[in-house]
Amino acid sequence: MKTTETPAPVPAEPGTPVLKTRAAPGGPKEGKKEGTTLNVFSHGVLVIWAIMVGLPLVWAVMTSFKDDASIFGSPWSLPDKLNFDNWSRAWSQAHMSDYFLNTILVVGGSLVGTLVLGSMAAYVLARFDFPGNRFIYYLFIAGMSFPIMLALVPLFYVVDNMGMLNTIHGLILVYIAYSLPFTVFFLTGFFRTLPTSVAEAAFVDGASHSRTFFQVMLPMAKPGLISVGIFNFLGQWNQYMLPTVLNTDPDKHVLTQGLVQLAVSQGYKGDWSGLFAGLVMAMLPVLAAYIIFQRQVVQGLTAGALK
Amino acid sequence: MQHGKYRFIVGFLAVPLGLYALFVIWPFIQSIYYSFTDWTGLSPEFKMVGFDNYSRMLDDDIFWKSLQHSVMFALLVPLVTLSLALFFSFMINVGGRRRRGGPAITGVRGSGFYKIVYFFPQVLSIAIVALLFQFAYNPDSGAINSLLRGIGLDSVQPLWLGDPDIALWCVMAVLVWSTVGFFVVLFSAGMASIPAELYEAALLDGANRATTFFKVTLPLLWDTVQSGWVYMGILALGAESFAVVQIMTTGPGGPDYSTTVMVLYVYQKAFRDGQAAYATTIGVALLVVTLAFAAVVMRLGRRERLEY
């Protein structure tokens with residue numbers, strides 16, 4: 001270890017640099033003082049970043065309850081009364097309800113499809129030896145590092161030729177296809193860690209391969225499916241680039257597109273309060289879900305990167 | 001387990017692989033082919049033009065600008081993001097003061113709270129974040145300038161996204177803002193798996209916090225940092241920079257092409273200007289940049305793996 005090369009203990013010089021901690025017993029008084037200074041500094045920086053993250057969100061929530069005049073006049077003042085009609089205007093007139101519905105349909109369909117198809121492919125790649133296994137695996141992995149925009153130019157015409165441009169099911173199929181690389185990568189690793197004995201026992205008892213998969217292996221893979229499911233849910237719910245290219249019909253817009261569209265059109269109509277209500281409306285469910293399922297979300301999002 | 005094995009393999013792989021090949025692999029191959037044609041995207045007719053698109057690209061000033069901005073995105077955004085995240089996560093997990101009777105290595109008080117709050121932007125769509133900051137940057141009524149006025153800095157009222165000299169920095173700052181939290185949580189998980197004895201040994205040897213960080217934490221966390229850099233760089237070259245630039249900047253890509261990036265230029269050439277073939281050419285350049293970036297980071301970052 002490199003740590004053994006570090007210089008000998010720093011002699012205690014009262015009142016010297018902040019970045020010296022005395023962990024060894026001997027000078028409790030000085031140690032405490034230094035620790036306090038450092039603690040104030042490090043805590044200060046952490047608090048500042050927490051404010052920088054929280055403040056824009058608080059500002060957005062505040063703004064969503066104001067009327068247009070006070071949004072422009074005094075951006076940081078508290079709303080003088082809660083204008084709930086901003087929210088109802090955004091929900092009905094600005095079509096936020098439609099955007100929510102479209103997003104739920106698209107993400108619901110894609111999420112189920114991604115998990116089913118992804119786990120099928122991953123299971124076969126993880127557990128069966130056959131010629132081309134590695135090739136197919138790396139073909140999937142390669143999809144993670146290619147710039148999607150390059151494929152989107154011809155993809156637009158592929159989807160158009162199939163008559164699926166501006167349709168919900170077309171968007172679902174594309175979402176699934178672009179979610180597969182990470183899903184297959186993650187679940188292949190996960191299936192490899194599961195014990196083989198249970199599946200073999202099921203097979204000996206006369207279960208077919210697919211029955212073994214659906215009734216034995218999938219339930220065992222539940223923790224992995226939850227992690228990758230959360231990862232895909234957030235990715236698909238927040239997706240912006242794919243629908244911007246493939247889903248240009250305003251009636252079929254998903255939430256992210258709808259909001260951007262709203263921002264452009266409100267520039268002419270001047271209904272900024274309605275727009276902020278829409279923004280906050282889109283933010284809050286995800287934030288609430290995150291706070292409730294905090295542990296699972298963090299695990300799901302970081303699991304892949306830590307492998 | 002041989003019975004019906006191949007039928008099962010084919011049955012399980014056919015749909016996912018077919019979907020993936022049709023919507024992902026096939027368009028990539030087509031793209032490279034189209035970059036040698038004069039296809040407009042508007043009519044089905046086109047002919048081969050050899051390397052014409054490529055030589056046109058090399059003479060295209062806007063292409064060079066977008067390349068330069070994309071490279072800045074891939075290098076600076078991860079550098080700032082990862083440095084901030086390393087600093088925060090070290091403070092959160094190791095920077096705490098020793099409490100009487102407690103373990104030698106602790107995080108600061110409230111570490112759980114920081115991790116939750118820092119992660120907020122990560123669950124929001126980058127599109128929503130971009131919209132929010134577009135308003136915050138508004139020179140007249142935006143949150144930032146009115147905050148500056150509020151603390152008495154009436155003379156400091158930048159145009160932010162309207163100023164060609166700083167617009168790019170404003171956009172990059174938004175990406176940093178939204179991704180630091182993810183890496184704080186990721187590095188925290190990595191730091192939690194470093195055995196406490198190593199820190200205790202370092203402390204007994206008299207190492208201060210900076211030394212502990214550079215000699216213990218960073219080397220043991222290096223693999224995570226490196227893959228984080230690649231991951232962040234690929235995002236900053238692709239989808240994320242597309243969203244922030246396309247939503248936030250005027251034009252988009254302005255003012256005066258000061259914020260345009262390769263991924264946005266591909267989109268504009270293909271879907272705004274009807275030059276699909278030329279768009280795929282820029283896309284191929286983007287692919288080369290992305291792969292070169294990943295290769296360089298993996299190569300430069302290669303170190304002896306430390307076992308612990």
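Modeller: In this predicted model, helix 11 (residues 262–271) of chain B packs against helix 12 (residues 276–300) of chain B at an angle of about 165°, with the axes 7 Å apart. Axes are lines fitted to C-alpha atoms, for helices over the stretch in contact, and angles run from 0 to 180 degrees between N-to-C directions. Helices are DSSP runs (H or I, at least four residues), numbered from the N terminus. The angle therefore makes helix 11 of chain B roughly antiparallel to helix 12 of chain B (under 35 degrees is roughly parallel, over 145 roughly antiparallel, 65 to 115 roughly perpendicular, the rest oblique). Their crossing is left-handed (the near helix is turned anticlockwise from the far one by less than a right angle; clockwise is right-handed).

Residues in contact have C-beta atoms, placed from the backbone, within 7 Å. Helix 11 of chain B contributes B:Met262, B:Val263, B:Tyr265, B:Val266, B:Lys269 and B:Ala270. From helix 12 of chain B come B:Ala276, B:Tyr278, B:Ala279, B:Ile282, B:Gly283, B:Ala285 and B:Leu286. By class, this contact has 11 nonpolar residues, one polar and one charged. Ala, Val, Leu, Ile, Met, Phe, Trp, Tyr, Cys and Pro count as nonpolar, Asp, Glu, Lys and Arg as charged, and the others, Gly among them, as polar.

Now a second pair in chain B. The axes of helix 7 (residues 167–192) of chain B and helix 10 (residues 239–248) of chain B come within 10 Å and cross at roughly 130°. That angle makes helix 7 of chain B oblique to helix 10 of chain B. This crossing is right-handed. B:Val171, B:Val174 and B:Leu175 of helix 7 of chain B meet B:Glu240, B:Val244, B:Val245 and B:Met248 of helix 10 of chain B. The classes here are six nonpolar, no polar and one charged.

Next, the partner chain. In chain A, 83 residues are in contact with 98 residues of chain B. Helix 1 (residues 28–63) of chain A supplies the largest share of chain A's side, 14 residues. That side divides into 64 nonpolar, 17 polar and two charged residues.

A word on reading it. Residues count from 1 along each chain as its sequence is written, while chains are lettered from A and ligands numbered from 1 in the order written. Local features need pLDDT of at least 70, side-chain atom pairs count only at pLDDT 80 or more, and totals for chains, interfaces and linings use all residues.

Key: Two residues are in contact if their C-beta atoms, placed from the backbone, lie within 7 Å. Helices (H or I, at least four residues) and strands (E, at least two) are DSSP runs, numbered from the N terminus.
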